[in-house]
Amino acid sequence: MKNMVSNRIHLESLSTNELIYLAESNGIDIPEGLNRRFIIGELLDLQNDFPIDSSSDLAESKVVPKHKKLPLSYNETLITALLRDPGWIFVYWDFHSSVSHNTSIDFYFLRIHSLNKIDDSASTSYYDVKVGISDRKWYVHFPGNGYYSRIDLYYTDKNGKEIFLAKTELIEIPYSDYFDFYHSKNKKNSPILELSGITELRKNHFRNHRESF
Amino acid sequence: MTDKSLIFVLDAQHPFISSVDCVGSIEENKFFDALTYTYLPLLRSCSNLEAEGIAFKFAVVFSPVLCEMFNNPYLQLRYVEHLDKSIAYGQEELIRCAHESELCALIEKHIDFLTTIRLEYVEIYSHNILAKFDYFANHGFIEILATTATPAFLPMYVDIPESISAQIEIGLTSFRNYFTTFPDGFWLPAMGYAPGIEQHIKDYGFKYTFIDAHSMLFATPSSGIFTASATSNGLTFFSRDKNACLEILDSETGFYTHDGYLDVDRDIGFELDHSCLEPLFDSALGRRNTGFRYWSRKENSQSNRTPYNPLQAKKLVHEHATDFLKNRITILEKASKLLEDTPVHSVCAFPIQLLGGSWFEGVSWFESVLRYASSNESISLSLPKLVCPQSFVNAQEQLPIVKPLHSSWFNSGYSEEVLNSTNDWMYPYIRKTLVRMVDLASRFPDDTGLKERSLNMAVREVLLAQSLDWFLSRNNIEDAENARQKFEEHVNAFTVVFESLGSNFISTEWLTTTEKKHIIFNDINYRVFRQKQ
């Protein structure tokens, strides 16, 4: 029997399909529909029967991996935000099975915070966006009244209680005095900035990203 | 010598192609076309200028992926075969077009062109074109900049700092494998900048980098684009002169769109019957450019096309080169006056494949600009490292301090081209893969043997998956499926290694096959992904 170098944390980070593959590769027969908790338990039991020798090299396997579809989930509750432009943030999230199988959940929502400081306890304002049970990504609009944003993932249970699940890191939103088009359109630019093309740039920016103004 | 400088920066990138499973593919053909119409003609231009005693100057950045492909012996051999097939096909084209004297003249010209290219590649450069670029760098004609290992859009990974460090470190190691100069400058793929990236660049000893105009102009305060600025950590920033680049690149008004230039899209590869094209390529693998193109860009009906006139195109090249320089001189003279005779520069950075690719005459235009500029007293060509060398030491004390904005050189100015509904699904996978790679480097700090080999394989796959070619290709229907497959292949390959390390066994058959498919970065060290103390 092959040795395994793994622990519960590592196994829990794998998707269900990855766990099944790992188990079958180690000769563990997995009945269809078996809960992943039991698969993890089986793998850990196998490890206990065959103590880990972390100094050993990888052993040879005759099983050649086949091409697989990318997993739908990595079975972890997290939310990540990526800046697309000064007005829009792309957010994606995932759920651990303990969340996605929770029948007390009524709906999920995102809470989009605007913050002035890097200390994220000082949210100047926020708004909520309800998302679907099967949604895993969204583009959120940054309202433009701060320098940073953070997006929290919540659910509301059937009693109306809001439960926090995860939050993103702080996102620094590009900010320039020139983004306030209406207040800055009469602003006198230095000749060198005019020569550099600032006026045309501002017009294009307003045309392409007017939601960020 | 004037204090008004023109700095060209040519960005040389190409999507990675496997020498094993891309034989005869469209992707391989595009790579060969880049050699034929861009890199070899550019080297010839440089050699011509050197022979004439002209002190030309420009900067160029070669993606490490591209360097590896240039150096791949299988691709080198197949390129020569490709040229031989094209030259032989030219004779068949002469027979097919025997009744059209104008086309025959163009075909003969093209055969001569290909024959010269083959001679240069085989006899003069011995298949190693990078050595010649290195020669020009060592003789002060060009400056070669370093860049990331694969063209990753770094703003998407600023919160995974190990991934950025790994890209820079492997890129630098690759640079040292191919070039003997030391890179002072670092190129950000697609000029993708986000606050925080400057610290990584500085940590590896680079002195300057480049950002697009709006990143500098929207920063507060801003001193414009004609002089360098620095961030508080001492990294110098050059701003691209967007207006200058638009004169060349704009899809509606750029020089290359002129009627008199060759229409590079009207290629017989898309027009002739499959049976006629058999000697050139297997049409089951898809139609592609053959290089046999006979029509100008002038809009006509299919039955009434304007044949390409090389002499007229040559006149246009001269006209456009002269116009471009005149415009730069006018702008720089104004800038110099406004800044009280401070040395000023205009940075023209653009993808190298415009020259010879989208714009067949592009290399000739570039050579003309370099030639005319060198004899013009109102403007001089320069290299980034020569523009303000004293300021590189303690740049934050000598240059205006700036906090550039998150930016890119895409049309949107930000990240929309690499983050939209066609490609946003890729980010959960690539970011998870990166986090896992950092974890692996931490869990296996000193491993050797098969584990080390597997871990190095994992690094290759994650770097290749980050390539922004896959994200950009999703915007194009024809390339989207290929991009999806390549991305999934790299993520899956990484995942196989990840799972194998978790279970402590691996298929060496799979490992060997995958290594042969992705022959790149042979001296890679997975420990570059370790968390820095």
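pLDDT is the predictor's confidence in each residue, from 0 to 100. Here it describes a predicted model of a complex to which the predictor gives an ipTM of 0.92 and a pTM of 0.90. Residues are numbered from 1 along each chain as its sequence is written, while chains are lettered from A and ligands numbered from 1 in the order in which they are written. Local features need pLDDT of at least 70 and side-chain atom pairs count only at pLDDT 80 or more, whereas totals for chains, interfaces and linings use all residues; side-chain values use heavy atoms, with hydrogens and water left out.

**Confidence**

- Chain B averages a pLDDT of 93, with 98% of its residues scoring at least 70.
- For chain A the mean is 82, and 82% of the residues reach 70 or more.
- Within chain A, helix α5 (residues 181-184) has the lowest confidence, at a mean of 61, and strand β3 (residues 88-94) the highest, at 97; helices (H or I, at least four residues) and strands (E, at least two) are DSSP runs, numbered from the N terminus.
- Residues 1-5 of chain A stay under 50 in pLDDT, and the model has 25 contacts for them beyond four places in sequence (contact means heavy atoms within 4.5 Å).

**Where the chains meet**

- Chain B brings 61 residues to the contact and chain A brings 59.
- About 5,300 Å² is buried between the two chains, and carbon and sulfur atoms give 62% of that; buried area is the accessible area (1.4 Å probe) that two parts lose on being put together, summed over both.
- On the chain B side, F218(B), N504(B) and F505(B) lose the most area to chain A, together 14% of what that side buries.

- One salt bridge links E499(B) to K68(A), with the closest N and O atoms 3.4 Å apart.
- Elements giving two or more residues to the side of chain B that touches chain A include α8 (213-217), α11 (310-338) and α18 (477-503) of chain B.
- Of these elements, α18(B) gives the most, with 12 residues.

**Strand pairing**

- E60(A) has I506(B) as its bridge partner in β10(B).
- Chain B also holds an open sheet of 3 strands in the order β5-β7-β6, with mixed pairing.
- β5 (208-211) and β6 (229-230) of chain B stand at the edges, each with a single partner strand, so one side of each has no neighbour in the sheet.
- β6(B) pairs with β7 (residues 236-239) of chain B in the antiparallel sense over 2 bridges, and S229(B) has F237(B) as its bridge partner in β7(B).

Methods
A salt bridge is a side-chain nitrogen of Lys or Arg within 4 Å of a carboxyl oxygen of Asp or Glu. Two strands pair if DSSP finds at least two bridges between them.
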